[in-house]
Amino acid sequence: METKQVEIPGLLLIQPVLLQDSRGFFFESYNKSTFQKLGIDEEFVQDNQSQSSKGVLRGLHFQHPPFAQGKIIFVIKGAVLDVAVDLRKDSGFYGKHVCVELSEHNKTMFWIPPGFAHGFLALEDETTFC
């Protein structure tokens, strides 16, 4: 997996290794040891999907401790403009945000650690978000 830091420390864009041939493609969306090597050492206990029509805005979602959650997110179908807002009061980036486009075409995954609010805007009809 290739990773890219964004403007706010803690957030991480992840580009999985895509194995593609005439049959289609395969990529590993989660592997505990791989993610631990990237510094993502959360215990994932829930997996969600949503489907949205173009123009639907979802979020900003935030969980206070002890219910704070880290999220690895990606788009299965369609595209979103994804936003993470730093709500860590001790952060030098408190109140700042990052926007990234995630789509079925770029296969980019976005790690959002605890302490961030998260939301997205569906850019295409029938966008499926995980």
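## Basis

Two strands count as paired if DSSP finds at least two bridges between them. Strands (E, at least two residues) and helices (H or I, at least four) are DSSP runs, numbered from the N terminus. This is a predicted model, in which local features need pLDDT of at least 70 and side-chain atom pairs count only at pLDDT 80 or more, while totals for chains, interfaces and linings use all residues. Residues are numbered from 1 along each chain as its sequence is written, and side-chain values use heavy atoms, with hydrogens and water left out.

## The sheet

An open sheet is built from 4 strands in the order E6-E12-E9-E10, with antiparallel pairing. Its edge strands, E6 and E10 (97–103), each pair on one side only. From one strand to the next the twist averages 15°; axes here are lines fitted to C-alpha atoms, and angles run from 0 to 180 degrees between N-to-C directions.

E6 and E12 are joined in the antiparallel sense over 3 bridges. His61 stands opposite His118 in E12.

## The largest pocket

The largest pocket has a volume of about 740 Å³. On a 1 Å grid over the protein atoms alone, a pocket is an open set of points with protein on both sides within 12 Å along at least five of seven lines, and lining residues have an atom within 4 Å of a point. Of the 25 lining residues, Gln46, Asp47, Asn48, Lys71 and Ile72 are the closest to the pocket centre.

Strands E6 (57–61), E7 (71–73) and E12 (116–122) are the elements that give two or more residues to the lining. The largest share, 3 residues, comes from E7.

## Salt bridges

A salt bridge is a side-chain nitrogen of Lys or Arg within 4 Å of a carboxyl oxygen of Asp or Glu. By this rule there are 3 salt bridges. Burial is given by relative accessible area: buried is under 20%, exposed over 50%, and partly exposed in between (1.4 Å probe, protein chains only).

Lys77 and Glu126 form a salt bridge with their closest N and O atoms 2.9 Å apart. This pair links distant parts of the chain, 49 residues apart: Lys77 lies in strand E8 (residues 75–77), and Glu126 in the loop between E12 and strand E13 (127–129). Lys77 is partly exposed at 35%, as is Glu126 at 44%.

Asp21 and Arg23 meet at 2.6 Å, N to O; Asp21 is partly exposed at 39%, and Arg23 is exposed at 74%. Asp86 and Arg88 meet at 2.8 Å, N to O. Asp86 is buried at 0%, whereas Arg88 is partly exposed at 23%.

Notes:
1 Å grid on protein atoms, 1.4 Å probe; cavity = no way out; pocket = protein on both sides within 12 Å on 5 of 7 lines; lining within 4 Å. Points joined across faces, edges and corners; volume = space filled by probe spheres on them.
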